[in-house]
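Subject: Structure handover

Hello,

Here is the structure I promised to pass on. Please open it beside this email and follow along.

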Amino acid sequence: QNIRDTFESQLGISGKIEGLVLGIDGQPSPKAYLWLEGTGQGFPPGAETGPKGNFLFLGVPSGDLRLEVQLADGLRFVSDVHVDPGTSIRVELSPPATRFVTLRGRATIAGKSRPGLHLSATVLGERELCSDGQCDSSGSFRIVLPGPGAYRLELEDFDGTFSWSEDLVVPPVEELQHDIEALAATIRGRVTTRDGVPLRNIRVQAESGDGSMDYSCSGDTDERGLYEFLVAPGRWSVFAGGPSTSSDDPRGFAPARREDLIVRAGEILAEVDLVLTAGASLTVRLVQADGSPVAEGTLLGFDGPEWYDLGYSSSDGSVSVHGLAAGTLRLEATGERCATRAAVAVTVGEAAMSELTLTLHPAVPVELRVRLAGAPAGGLELALTDESGAARPAFAWGDVTDLGPLPAGRYVLRVRSGTHHAERAFEILGDESELVLELDLE
């Protein structure tokens, strides 16, 4: 929780939102799902309507919030609300009046139906979903679109190992029949040690890279070290190994990768093998300026172009990471109201074990609120630099994002959501209890 939420909760002045959801026919909509955004929580709280379309949110912080609604027929829409401290509001939510289009059809992959397929639709050029739903066991689907226009349809299987997208121009009709015939190819291979010993239970991942689709899938090797992916045609990369803090599997293999794999519809690309070698291990101890350990701190790594989590510290402040590639790695760390002042470069050798201590200094929590056309904005991409121009960690977790905490200094933040963007220079003196940044995307 952020400071506002905690303060209002302690005083007993948090609010309540109750209301009714109506469907496209104007009648109460049971089994609709709602997300409450703008609360400052990483994952928005959710609720489901009852048999009469009613819903209730308790413990709601004050301010401008957004309710995102998904009806049982897949249609999504949003509604902005304002809650004063300690008040209860009642709202009636219904989709905007438009010429709805019911999209029906059957989805197949390589000519066959698969159980558990999920279909989603977005307006072409936008990020937010406007409708989604499940296909039945035969692949048949029915979703409601908010009107005619150009859409991006995305099809995924239940475990996320296959993804397919296509564009569809929807005419102004009440109902449209459209079958999705996803093309597919197969990538398979084996994961072994340098001596050819098969490795089982190794997580293998694949990422598309042809510029038109941005998908990934993953799976574990079997007892023979084999893996297999069903993928959309195009250019792919396959990789395994890499940094891990898992105590369940401390094998710590360095990352191995196969790039620029071109697969065509119906093709089987075999012998995409990966050879894993022992990776380097690094133990980092996070301490305060007085030498006391930082428990539950976050260790972050940067090897370009972005930061990523390496692990979390235990009660003694230590984090042990396995499976690092030999080379130089930039590290930062954050804790409760403390952070490193700058990234520290550490060089690790092949299959070597290194130890390092990072000192965290007092830092200020920074809350970021981004709005677009007066409403909370999602799908954010953040880039944060300090006064030297060095990249600092910044992650987007919904429409309200915690940056840092950040130590005293000057910073520049750049935010992008689709074609919209904003930039803000700001300074932290170090004596603030919290800093709130509010940006409007242009």
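Gly63 stands opposite Val83 in strand S6. Gly63 belongs to strand S5, residues 63-70. S5 and S6 pair in the antiparallel sense over eight bridges. Strands here are DSSP runs of E, at least two residues long, numbered from the N terminus. Two strands pair if DSSP finds at least two bridges between them.

Before going further, note that this is a predicted model: local features need pLDDT of at least 70, side-chain atom pairs count only at pLDDT 80 or more, and totals for chains, interfaces and linings use all residues. Residues are numbered from 1 along each chain as its sequence is written, and side-chain values use heavy atoms, with hydrogens and water left out.

S5 and S6 sit in an open sheet of four strands, in the order S3-S2-S5-S6, with antiparallel pairing. Which strands stand at the edges? They are S3 (46-48) and S6 (76-83). Each has a single partner strand, so one side of each is left without a neighbour in the sheet. Neighbouring strands are turned by 25° against each other on average, direction ignored. The angle is taken between axes, which are lines fitted to C-alpha atoms; angles in general run from 0 to 180 degrees between N-to-C directions.

**A covered strand**

Now go to strand S20, residues 234-240. Six of its seven residues are buried. Buried means under 20% relative accessible area, exposed over 50%, and partly exposed in between (1.4 Å probe, protein chains only). S20 pairs with strand S17 (residues 203-208) in the antiparallel sense, over five bridges. There, Val204 stands opposite Ala240. Six bridges join S20 to strand S21 (residues 256-263), also antiparallel. Phe239 stands opposite Arg257 in S21.

**The largest nonpolar core**

A nonpolar core is a set of buried Ala, Val, Leu, Ile, Met, Phe, Trp, Tyr and Cys residues joined through side-chain atoms within 4.5 Å. The largest one has 24 residues. Leu103, Leu155 and Ile180 touch the most other members. Strands giving two or more residues include S8 (101-109) and S15 (180-182). S8 gives the largest share, four residues. Look closely at Ile180. Leaving aside neighbours within four places in sequence, its contacts (heavy atoms within 4.5 Å) include Leu119, Phe141, Leu155 and Trp164.

**Aromatic pairs**

How many aromatic pairs does the structure hold? There are five. Rings of Phe, Tyr and Trp (its six-membered ring) pair if their centres lie within 6.5 Å; planes under 30 degrees apart count as stacked, over 60 as edge-to-face, and the rest as tilted. Tyr227 and Phe229 form a tilted pair, 5.4 Å centre to centre with 50° between the planes. Tyr227 is buried at 5% relative accessibility, and Phe229 is buried at 3%. Tyr411 and Phe426 form a stacked pair, 5.5 Å centre to centre with 20° between the planes. Tyr411 lies in strand S37 (residues 409-417) and Phe426 in strand S38 (residues 420-428), 15 residues apart.

**Asp386**

Tyr411 also touches Asp386. Asp386 lies in strand S34, residues 381-386. Is Asp386 buried or exposed? It is buried, with a relative accessible area of 14%. Its side chain makes a polar contact with the side chain of Ser388, at 2.7 Å. A polar contact is a pair of N or O atoms within 3.5 Å; within protein, one must be able to donate a hydrogen and the other to accept it, and residues adjacent in sequence count only if both atoms are side-chain atoms.

Best wishes
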